[in-house]
Amino acid sequence: MKVLVCIKSVPAVAGRITLTADARAIDTRHLGFAIGPHEECAVEQAVRIVEAGGGEAVVLTLGPAQALEQLRDALALGIARAIHLVTEGEEWDPESTTAAIVDAIRADEAASGPFDLILLGNEAGDSADYQVAVRLGRALGRPAVTAIKGMTIGEGTVRCEQEVDAGRDVYELRLPAIAAVLEGINLPRFPSVPGRLRAKNKPVEVSQPARPAQRLEMLRLVVPQLPAKQAEVLGRGPEAAPAVVAVLQELGVI
Amino acid sequence: MDAGAIVTVPLFILVLYVFLGAFLLRAAYLVRLVRAGRASNRTGDLPVRTAREVVGVLGQSKLFLRPIPGVMHLLLFWGFLVLLPTIAMSFLGAMNRHWTIPWLGEQGWFVLMVDLFAVGVLVGVAIAFTIRLGLRPVRFVGSYLQVAYNILLFEASITITLFLWHGSQVALGINEFPPEWAPVSNAVAGLLSSAPVPALEGFERGVVWVHALLILAFLVYIPYTKHLHTLVVWFNVFFERTRARGRLEPLVFDDPAVPEDQIRFGLATIADMTWKQMVDDMTCTECGRCQDACPAFFTGKNLSPKLVVMGLRDQLYREGHAMLAAAAGPAGPIFQGQPLVPTAVADDTVWDCVTCGACVRECPVGIEHIDHIVDLRRNLVMVDSRFPAEGATMLRDLERTSNPWGRSQTERTDWAAGLDLRVLEPGDPAPDVLFWVGCAPAFDERARIGAISTARLLKEAGVDFAILGPRESCTGDPARRMGDEYTFQSLARQNVETLGESKITKIVTTCPHCFNTIANEYPDFGGHYEVVHHTQLLAELVRDGRLAPAAGTDGVTYHDSCYLARHNDVRAEPRELVAAVGRPIEMARREERTFCCGAGGAHMWLEERGGQINEERAREATATGAGTLAVACPFCTVMLDDGVQGIGSGLVVKDVATLLVEAVDRGRALPEVRPDP
Amino acid sequence: MATTLVLVTTSAGVADEVALQALALGRRLAAGGPVHALVIADEAAATGLGAWGATEVHLARHAELGSPAPDAVARILHDLALRLEAGIVVGPGTEAGNTILARAAARANLPFAANCVDVTIGDPLTVTRLRWGGSLLEEAAIHAGPAMLTVAPHVIAATPTGGVAAVAPFTPELDEADLAVRVVDRIAAAAGGVTLAEAKVVVSGGRGVGSADGFGPIEELAALLGAAVGCSRAVTISGWRSHTAQVGQTGTKIAPNLYIACGISGATQHMAGAKGAKKLLAVNKDAEAPIMSAADYAVIGDLHQVVPAISAEIRRVRGA
């Protein structure tokens with residue numbers, strides 16, 4: 001099987017977010033980078049599929065030069081090669097992102113055959129636009145599902161499970177298909193150091209797509225001012241139990 | 001020349017050939033194993049190494065950490081040394097009853113020494129058996145007890161047969177030595193003198209052969225048992241680390257000369273052992289002093305440093321032949337070593353270790369247990385990804401956010417709010433001393449109090465210092481102790497670059513782990529600085545009169561941090577400060593014998609199975625009757641405070657710096673009353 | 001005044017709460033104009049929508065709409081929007097709503113803004129939407145019409161209007177391609193337990209719990225309160241609980257009346273999933289943990305002692 005997984009390098013935001021002076025980006029001076037938890041699971045899923053059924057897994061990202069680090073992280077887990085669509089670091093809206101990825105996919109498929117499965121995280125860690133997977137499906141004429149928590153490859157098909165209140169809904173798609181997965185579909189492995197060392201030498205194909213006009217245009221970012229809360233300390237240690245129960249009664253919980 | 005010599009000489013030579021041959025074959029195997037061991041840099045510092053041999057081996061210094069066993073072993077050891085020439089004498093005597101070592105065999109002073117030291121050996125054996133069979137100390141649990149008894153029996157029987165032989169020589173009048181110089185042999189001769197001469201002659205021949213055969217049998221027994229230590233300890237102690245005890249040897253991932261499949265990632269199988277690790281394992285006497293000192297073992301966990309070393313040794317011996325056969329040539333069999341974890345050491349045992357170093361400190365034969373355990377961890381973490389899951393979160397956080405709690409780096413200055421500290425930006429002139437804050441004080445509310453106190457004191461004393469703020473990344477100590485050498489090296493290089501850019505030359509830190517890593521381990525990555533612990537700097541300031549604490553009378557007991565007192569020998573300065581501000585009360589387990597708080601070895605982030613190390617220490621501190629427990633480490637602060645709360649004692653845990661700043665404030669409140677200079 | 005079309009997702013005769021919130025947004029944006037609602041197959045739910053702001057309800061009925069088929073719904077939505085010449089199309093910012101609106105936007109070759117908390121009519125229309133699970137807001141302009149957007153859950157209140165709307169059933173046009181992605185099977189959930197997303201009280205454990213077994217007291221307290229048990233990401237990564245219990249940006253987003261967070265430091269990732277809670281009680285050893293600035297009540301102490309004490313006190317008060 002030939003599997004593609006698409007990732008997005010985002011700042012490893014931990015606590016307070018600080019913005020650049022023009023409020024159009026997060027200040028990343030003291031931040032590392034990572035991919036979102038959904039995407040970590042997508043990468044793990046791609047590696048597992050190829051480990052189980054043979055074939056090749058490829059990772060792709062649209063992002064600035066520093067996103068190469070996240071590609072190497074994915075390569076360290078067992079992905080065979082990477083495609084880096086290099087940008088200047090500006091925002092690319094979902095439509096232009098899709099267009100750039102579609103071009104790269106078509107080029108790669110012309111060279112070495114179609115991708116049986118394209119995996120993405122359900123939403124990117126930062127912008128969370130929830131739409132690149134389905135737009136890819138539309139552009140490539142392939143079925144796409146989102147919010148997938150379980151996956152089994154069959155003969156020319158893939159069975160995908162989605163969690164709903166009553167249990168799980170099951171979709172069965174003919175390959176080639178596209179799936180956006182949720183964290184929890186698997187537990188991503190910890191990268192091994194031999195894997196990381198090998199990843200340094202795995203091939204990364206680089207290109208520079210042109211950025212079209214943005215139809216969903218980010219104007220500026222705002223850090224929401226949450227109302228400053230002063231927690232009422234009900235007590236210290238087990239002696240606080242009566243005070244807690246009084247609050248529970250007050251709130252109507254008991 | 002005896003008529004029988006024509007038989008006894010070649011017979012003895014044949015016997016010698018057989019036993020010596022067996023000994024040499026085994027010895028050759030062991031030597032080949034060690035030569036196949038991976039590299040470990042143990043050169044330099046000849047004077048220190050020599051001094052250690054003299055004091056540690058000849059002087060048996062570490063053995064006296066336990067006085068009575070120390071005496072016992074001194075008797076056996078020196079008895080063995082002094083009696084060495086009698087081995088040659090007995091071999092010669094076995095071939096011909098008139099043969100002995102020229103000149104030495106006739107010296108009265110020598111035979112006196114022999115008699116006295118041989119009695120010493122018997123006394124030593126008696127003490128040993130009393131301890132083993134009478135007292136039955138717990139430290140022997142897991143050791144091969146029968147082997148120990150056999151060794152003692154060999155020693156006793158060799159000594160007794162020596163007396164019987166000398167005694168029968170004297171009784172027959174064939175002794176070359178002056179008998180009045182050999183009181184015991186003389187006495188034995190007296191007991192034998194009533195026997196008829198032919199019987200005595202036969203007895204003398206018989207007993208010297210038995211004596212020689214026992215010696216030869218013992219010789220062969222040595223390389224097959226723990227008694228090998230007698231031959232190997234000389235090397236093991238000589239090659240013990242002379243550079244900082246707290247420094248772990250780095251792995252090299254990017255040596256262009258080393259092909260990828262030959263990179264050493266730690267200890268997976270015996271083929272990964274360094275020669276020093278092999279010699280360590282071969283030297284183990286199974287004495288269990290390390291086990292007794294281990295805080296993990298003490299609190300009911302499976303980890304016993306002794307059993308780790310014995311397990312590794314046994315697997316080395318078991319698989320060594322296969323490993324050597326494979327190494328013999330590319331056409332030969334491939335070595336499929338069993339993984340050391342779990343074959344020699346159980347999975348969770350590896351993780352119980354807090355790297356406190358008590359085991360290394362107690363070991364009389366120079367074994368460095370921490371190196372083994374961390375190397376086992378390195379392979380488990382970096383290659384197998386087989387380790388406690390809560391550790392994965394910490395390692396990922398370190399990689400992504402440069403601190404082990406996954407917090408935002410920009411929060412690293414929060415603790416200093418209101419203190420008006422200089423935050424060093426790139427391009428700023430370097431301060432006299434950089435205050436390296438560490439992750440715990442930055443992100444933990446209890447740990448930060450010590451840092452706040454230190455900052456206030458440094459300002460009060462007019463020290464020119466600054467902090468790095470968000471540019472300070474974790475030193476990487478938790479990653480390295482957990483075995484993730486890769487993440488550690490990446491953090492180390494990052495920090496060395498930051499420090500270099502700002503041209504830092506002197507660093508003070510409140511955290512002993514940061515202290516150890518920056519002072520002892522960063523030089524391997526190009527980072528050379530003068531590093532002091534905050535207690536050292538503060539003690540200097542008090543001595544110089546730049547800080548004036550008011551003396552106090554409250555009882556204060558000081559807890560020595562492992563990474564400070566044991567790994568780095570900083571013991572006096574914190575005590576100076578405690579004495580300056582209160583009434584010191586010492587715990588029994590103090591200074592180099594201090595008992596860990598439980599946070600080391602990345603245990604601040606790993607779950608503890610079984611009893612609590614920190615509560616054990618809190619109990620000990622509470623028992624001193626002091627009202628305050630002084631610490632000099634942010635980890636110890638948090639762990640011991642948890643411990644104190646866990647056992648419900650009212651002990652107040654405070655960093656030495658906090659006690660000092662409170663005393664300085666007190667001193668200021670009474671301007672007329674100044675402490676004597 | 002733009003014609004507004006709102007996708008109202010339903011289940012078993014009841015409109016989804018976030019869909020009603022979308023309806024409220026749609027009504028606000030319509031500013032007096034018609035508010036069209038689209039309901040798939042569920043007649044019982046359709047009839048009540050007038051009371052929540054819809055002026056006309058379009059009920060799509062088709063033989064193939066028995067099981068979820070998001071591309072089909074997207075097509076129905078798009079075709080209806082064209083038919084009604086809608087200027088704004090709004091959906092609920094749930095997984096279901098987002099995927100349908102995204103597919104409709106892809107079909108229609110239009111931009112789509114997900115999880116909006118505010119919308120300003122203008123030229124261009126601007127939205128404020130969520131990033132980082134709500135820890136950051138983005139102000140964006142949509143440079144094409146009709147505007148396709150979903151509303152972030154639990155930000156805008158569903159408003160009862162007491163109105164009445166006619167329900168107009170219709171049979172949409174669908175073909176094979178629209179039904180390529182459809183549910184072919186359903187696995188029933190294990191019986192019992194309150195679902196995390198719907199629970200009115202949630203008790204969670206974080207890294208401070210220490211082990212899988214450590215969750216015993218948490219489960220006990222939850223049982224006494226009829227609450228669901230949640231956890232933080234540190235817990236799921238350590239394998240102590242399954243991901244279904246994870247509360248956070250990439251887990252379940254909860255909106256209980258009371259959230260009791262034990263041994264949870266309060267990282268933004270986690271709080272992004274918990275901000276829907278009306279009241280938050282934090283149990284933590286660290287009085288300066290980030291969660292304290294988001295908590296209404298706090299108990300400073302070791303959860304292993306505090307939580308059982310609370311359970312014991314509850315039993316005592318109940319006389320059990």
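**Reading the salt bridges**

Modeller: Start with one pair: Glu163(A) and Lys149(A) form a side-chain salt bridge, at 3.1 Å from N to O. A salt bridge here is a side-chain nitrogen of Lys or Arg within 4 Å of a carboxyl oxygen of Asp or Glu. Glu163(A) lies in strand S8 (residues 157-164) of chain A and Lys149(A) in strand S7 (residues 144-153) of chain A, 14 residues apart. Helices (H or I, at least four residues) and strands (E, at least two) are DSSP runs, numbered from the N terminus.

Modeller: A word on the basis. This is a predicted model: local features need pLDDT of at least 70, side-chain atom pairs count only at pLDDT 80 or more, and totals for chains, interfaces and linings use all residues. Residues are numbered from 1 along each chain as its sequence is written, chains are lettered from A and ligands numbered from 1 in the order in which they are written, and side-chain values use heavy atoms, with hydrogens and water left out.

Colleague: Is Lys149(A) buried or exposed?

Modeller: Lys149(A) counts as buried, at 8% relative accessibility. Glu163(A) is partly exposed, at 35%. Buried means under 20% relative accessible area, exposed over 50%, partly exposed in between (1.4 Å probe, protein chains only).

Colleague: How do I read a salt bridge within a helix?

Modeller: An α-helix has 3.6 residues a turn, so residues three or four places apart point the same way. Take Glu44(A) and Arg48(A), whose side chains meet in a salt bridge at 2.7 Å, N to O. They are 4 residues apart in helix H1 (residues 37-53) of chain A, so about one helical turn separates them. Glu44(A) is buried, at 2%. Arg48(A) is partly exposed, at 36%.

Colleague: Which helix of chain B is largely enclosed by the rest of the structure?

Modeller: Helix H22 (residues 512-521) of chain B: 9 of its 10 residues are buried, so the rest of the structure largely encloses it. Among the buried ones are His513(B), Phe515(B) and Glu521(B).

Colleague: And how is an interface read?

Modeller: The size of an interface is often given as the accessible area lost when the parts come together. Chain C and chain B bury about 1,000 Å² between them, 44% of it on carbon and sulfur atoms. Buried area is the accessible area (1.4 Å probe) that two parts lose on being put together, summed over both. Arg207(C), Ile237(C) and Lys285(C) supply 40% of the area that chain C buries against chain B.

Colleague: How many salt bridges are there between chain C and chain B?

Modeller: The count is 3. In one salt bridge, Arg207(C) meets Asp397(B) at 3.5 Å, N to O.
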